[in-house]
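This report goes through the side-chain packing and strand pairing of one model.

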Amino acid sequence: MIPDVDNDSIVYLNGQHVRLGDAKISVLDRGFIFGDGIYDVVPAYKGKPFRMEGHLARLERSLAAIGIVSDMTRDGWRTLVLDMIARSGLGDCMVYIQVTRGVAKRDHGFPKKVEPTVFCMVSPFERPDAAKREKGLSAVGIPDIRWLHCEIKSVSLLGNVLAKQRATEAGVDDVLQFRDGFLSEGSSCNIWVVRDGVLLAPPRDNLILEGIRYGLMEEMAAAAGIAFEARAISEAEVDTADEIMLTSATKEVLPITHYNGKPVGKGVPGPVYAALRAGYDKAIAEL
């Protein structure tokens, strides 16, 4: 048994609903052997999924990018998410979906006639507390040493794990990663920089995983009259930023108020963050 995990919760595995404690896969599953699979996470508030279509579209893009063919349609994924939330009885929760290439003899090439392994579980999550929202987070900058297909939401997350461990060892909340002197993302989140009232984000390309909140942040910025620009952001621009923020499915949008041991701006959440935070809360309330 795994501590702090509800082994009696019901999960979905290859068409069956079973106890988490009873769910089993073969040791020859390519997700286990090679990290050959993808995943996505759909957050829900009071049992209602948030930006689900964006998450499912990204799930399908990731599957196509690595050549995994699933019989599941968009309606099928949608039904799975809604059914799993209902079965869980949870309010604020996250629906985790993982698809691997399946079980086959260990060989690097794609196997023929193999069925993908499809797994889904629901876990409770707590929204960011008042301290994180009002005081902000801390971060340090590190080199981005990951592979060149970060746009694929792969289960091969060793680079992200090592990045998060760097944050833990530094005693901060997260890291900001840089490739060739330009900002990419956090350990598992998108990063946003504010300079002279303009909201900046790294461009959508293969060097970042485009979070579903990326489009939402653009929408909220436009609604609040905040200028937005997607472009390469240098380390020097991050070092002298007026505000820095991160976004993810479970962290929502949070300010980073201390970076590399120094205050960001005045060391408190700034006005652009406040406007976007208000927009995010409004979007959740409208579910």
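## Aromatic pairs

Seven aromatic pairs are counted when rings of Phe, Tyr and Trp (its six-membered ring) pair with centres within 6.5 Å, planes under 30 degrees apart being stacked, over 60 edge-to-face and the rest tilted. The model is predicted: local features need pLDDT of at least 70, side-chain atom pairs count only at pLDDT 80 or more, and totals for chains, interfaces and linings use all residues. Residues are numbered from 1 along each chain as its sequence is written, and side-chain values use heavy atoms, with hydrogens and water left out.

Y39 and Y96 are stacked, because their ring centres lie 5.6 Å apart and their planes meet at 25°. Y39 belongs to strand β3 (residues 37–45) and Y96 to strand β5 (residues 93–100), so this pair ties together parts 57 residues apart in sequence. Helices (H or I, at least four residues) and strands (E, at least two) are DSSP runs, numbered from the N terminus. Y39 counts as buried at 12% relative accessibility, where buried means under 20% relative accessible area, exposed over 50% and partly exposed in between (1.4 Å probe, protein chains only).

The rings of F50 and Y280 have centres 5.6 Å apart and planes at 45°, so this pair is tilted. F50 sits in the loop between β4 (48–49) and α2 (52–65), and Y280 in helix α8, so that the pair links distant parts of the chain, 230 residues apart. F50 is buried at 3% relative accessible area, and Y280 is buried at 0%. Ring pairs join Y45, F50, F125 and Y280 into a cluster.

## A charge over a ring

The charged end of R101 sits over the ring of F110, 3.5 Å from the ring centre. The criterion is NZ of Lys or CZ of Arg within 6 Å of the ring centre and within 35 degrees of the ring normal.

## Nonpolar cores

A nonpolar core is a set of buried Ala, Val, Leu, Ile, Met, Phe, Trp, Tyr and Cys residues joined through side-chain atoms within 4.5 Å. The largest one has 40 residues, of which L176, V238, I244, M245 and L276 touch the most other members. At least two residues each come from β7 (137–143), β8 (174–179), β10 (190–195), β11 (198–201), α6 (212–224), β13 (243–248), β14 (252–259) and α8 (271–285). The most come from α8, which gives six residues.

Beyond its neighbours within four places in sequence, L176 has contacts (heavy atoms within 4.5 Å) that include A139, V140, I142, L183, V238, I244 and Y259. Another core, of 23 residues, lies apart from this one and has A44, I66, W77 and C93 among its members.

## Cysteines

There are zero disulfides, a disulfide being a pair of cysteine sulfur atoms within 2.5 Å. The cysteine sulfur closest to that of C120 is in C93, 10 Å away and too far for a bond. For C150 the closest is in C189, at 13 Å, also too far for a bond. Both cysteines are buried: C120 has a relative accessible area of 0% and C150 one of 6%.

## Strand pairing around β11

Two strands pair if DSSP finds at least two bridges between them. β10 and β11 are antiparallel partners over three bridges, with V194 opposite L199 in β11. Their hairpin has two residues between the strands, and D196 there takes a positive phi near 55°.

β11 also pairs with strand β12 (residues 228–230), in the parallel sense over three bridges. Here A201 stands opposite A230 in β12.
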